[in-house]
Amino acid sequence: MLLLHLQSCHPWILPPIHTRLSSITNNSRRYMPCHFSWIKSSALHVRGHRGHGEGRWEVDSHRSEVKSNSHTYKQVPKNLGTESDCMKKNNNSSQGPQARSMIQFMSLCIILRLTHKQLYDLMIKVGQAVLPYVFQTHSATSLPLACVSDALNKPKPLNLDVSLPSFHDIRWSLARLLYLFNIQLERNVATFFVVLLIMCFSFVVIGGLLFFKFRGNKNSLEDCLWEAWACLCSSSTHLKQSTRVERVIGFLLAIWGILFYSRLLSTMTEQFRSNMQKLREGAQMQVLETDHIIICGMNSHLPFILKQLNKYHEFAVRLGTATARKQRILLMSDLPRKQIDRIADNIAKDLNHIDVLSKSCSISLTKSFERAAANKARAIIILPTKGDRYEVDTDAFLSVLALQQIPNMDSVPTIVEVSSSKTCDLLKSISALKVEPVENVASKLFVQCSRQKGLIKIYRHLLNYRKNVFNLCSLPNLEGMTYRQIRHRFQEAVVCGLYRSGKIYFHPNDGEILQQTDKVLFIGSLRDTKKPEVVTLNGKEGKHGIHNEEIHEKDVEHAIQLSKLRLANIVKRPNRSGSKASDWNLGPKECILLLGWRPDVVEMIQEYDNYLGPGSVLEVLSDTPLDDRIIRASNTNGHNKLKNVRVSHRIGNPMDYDTLKETILNIQNSLKNEDVPLSIAVISDREWLLGDPSKADKLSAYSLLLAENICNKLGVKVQNLVAEIVDSKLGKQITRIKPSVTYIAAEEVMSLVTAQVAKNSELNEVWKDILDADGDEIYVKDIGLYMKEGENPSFSELSERAYLRREVAIGYVRNKKNVINPVPKSEPLSLEMTDSLIVISELEGEQPIVL
């Protein structure tokens, strides 16, 4: 309101002011200080007009300049009335301008005092209007019974404990805070680093403020903060301080700086160590590899698998089929990373063609396989890590389920070692995965090799990539040819059968036509896998083989005469297939002494029952309690009762001389004068698959040599003396000293089978058929079944004669040396009647059978 009146162009009439002029003399004057300011607005110009009978002031706005904070002294007349009269009389005198200035100043002071008074009155009125309402509200809410009448204003109790906490509570709170800090520090070491930085910044700020306070205005705040930082960084900076207070502050900052940098260095070191530990464990690390092989689990099969993969990649590099100089192998296990690395280093220190990586993680989690880049691997091998067969199958099933959730896994073969064929069918039923279950048939393999001398060497030969191995090859250029023509076109390999629709056929008819999707199974070197040599036949088939003359396939008379000639020189066998111990194909009668016991001995007994004939005896000598054997046998057998073998158990230690001697004498007396061959087989009493195999090898070797010594002293003729030994070096050393003794590394052979299936998953069907009692197997048969004395047939001729017996000849044994895939095949061989022919056959066929 005041501003509007000041800026208005209308006159502002003040109330009349009555003054007693009689008390003021004309001659007396006084000086008084006056504070005034010029307002820079529409130029306040004060003009004084004296009316007739009353005093009135008019204020006009004409001035524009404003001056402030000026002090001056004006002469104020005591008698204003007299002075006004004088001003009227003498308008042109020298006191005229001073009088006008004085009048203007007095007018301005009066206006300002009236304005302040009106503002003060306004505030008093507002206070009088508001204070009663506030007092009424406060008194209403503060009355004891106010909440009875007003439910909305009912107070809610807060139940606050306003008492001071006890020392115990404070101590517990501090301990809780330290506990939470330690938890966070345990999860991430960098937490302490952040705390150090915050404390360092706080000390710099506090030190800088203290420097700024005690130095006054000598330095700016920025310089003081920098000085505090210098004392914190360099301990010698506090020596440059001049005053006592500054030296104390600098000293404290220097001490904190030393502590800060020491803790900072230790924190960074610990953080680096923690990161390195995570990298060593490998659980959180993402594998960025392609075409690598993942091996899950660690057991006694691992060394043989790694050695086999090393040999395979060595030949792949030579042939130019390898995609990298070294094959990357990723080991995954739930063991600690240091233990995995120690085992891997001991195994792979001499393997120059593979690069072994390790990763400690759970092999039943999908995240572990995702971090291992399972969908980009060449193959995945899952090894059993438990001793119990049910735990083995359960762990394998969980690992396969974890792989199922990873996309793009249908092209990666997953090789899983399981304990039974039923588990194989279950794993194959899992969709979206290419699962190849490999049944652990070590017990079956042990039975086969314990009955045939030299069979274990043949298996090792066929599983050694440096020699001749099984190969499956697709030959689209031979599509439409007969199986007979295909057999004759491979001059440096042995054709064994056809792979069609996921099944292997070892004995197809000669008239079988090769289809586009078929693959040819043959035995040859590894280079034949890439491009097998196929020749065009220009020879004529004769009784010694194929000569370089034209073949007349349409010459029926020549073929009939040749077949009659071959049939006259061989021993016939039935054309129909059957089991190894069917009613019309009884196996030989034998006596087996088995030294040792472990859970899979029951499977060995069943396998012996498949091969042996009626009246065979199997006696088990072990210090395992009889109740454990019977319970194990009853749980495993179920409905599979033994038909041909009678089992007897004896309790005793196989390494005890008297116990072993008594057992051998009892067997000899029970046989009386019967000509029944005796075989002694030694197995480990312990489940060494997951333990230390060296101890089991010592026990097995000692028991075997002790049995041989007793038999020599008693004059007992033993057909086969075999022992299960893991270490091949120890086995070779024993056989070098005792040639009559044979060592069987069944687990090693199974490991080699797993490694070969990892490279070519289709070979799983081949080995499954060969190692199964109901399928085709490898036999070492007398050469007299295929030739007569005085003949010198070539290997091609022997192959044709074996084909007439529904067998596949893959090599021969001459002078106790195995020859697999002989080259050339058309040259005549000088074989003795004591030599043997190595064939793949369905039946053992030792005895002549003619139907």
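Okay, ground rules. We're looking at a predicted model, where local features need pLDDT of at least 70, side-chain atom pairs count only at pLDDT 80 or more, and totals for chains, interfaces and linings use all residues. Residues are numbered from 1 along each chain as its sequence is written, and side-chain values use heavy atoms, with hydrogens and water left out.

Helices and strands here are DSSP runs numbered from the N terminus (H or I, at least four residues, for helices; E, at least two, for strands).

Let's start with H5, residues 167–187, and H6, residues 190–215. Their axes come within 6 Å and cross at roughly 120°. The axes are lines fitted to C-alpha atoms over the stretch in contact, and angles run from 0 to 180 degrees between N-to-C directions. H5 and H6 are therefore oblique to each other; under 35 degrees is roughly parallel, over 145 roughly antiparallel, 65 to 115 roughly perpendicular, and the rest oblique. Who touches whom? On the H5 side we have Phe181, Gln184 and Leu185, and on the H6 side Thr191, Phe192 and Val195, contact meaning heavy atoms within 4.5 Å. That splits into 4 nonpolar, 2 polar and no charged residues. For the classes, Ala, Val, Leu, Ile, Met, Phe, Trp, Tyr, Cys and Pro are nonpolar, Asp, Glu, Lys and Arg are charged, and the others, Gly among them, are polar.

Next pair: H9 (302–319) and H24 (746–759), with axes that come within 8 Å and cross at roughly 45°. That makes H9 oblique to H24. Phe304, Ile305, Gln308, Leu309 and Tyr312 of H9 meet Glu748, Ser751, Leu752, Thr754, Ala755 and Lys759 of H24.

Now, cavities. On a 1 Å grid over the protein atoms alone, a cavity is a set of points where a 1.4 Å probe fits but cannot get out, with lining residues having an atom within 4 Å of a point. Helix H12 (389–404) gives the largest share of its lining, 4 residues. The lining as a whole divides into 6 nonpolar, 2 polar and 3 charged, including Lys386, Asp395 and Glu417.

Last, the backbone. Val823 and Pro824 are joined by a cis peptide bond, omega about 0°, and Pro824 sits in the loop between strands E25 (817–820) and E26 (836–841). Asn815, not a glycine, has a positive phi of about 55°; its loop runs between E24 (808–814) and E25.

Terms used: 1 Å grid on protein atoms, 1.4 Å probe; cavity = no way out; pocket = protein on both sides within 12 Å on 5 of 7 lines; lining within 4 Å.
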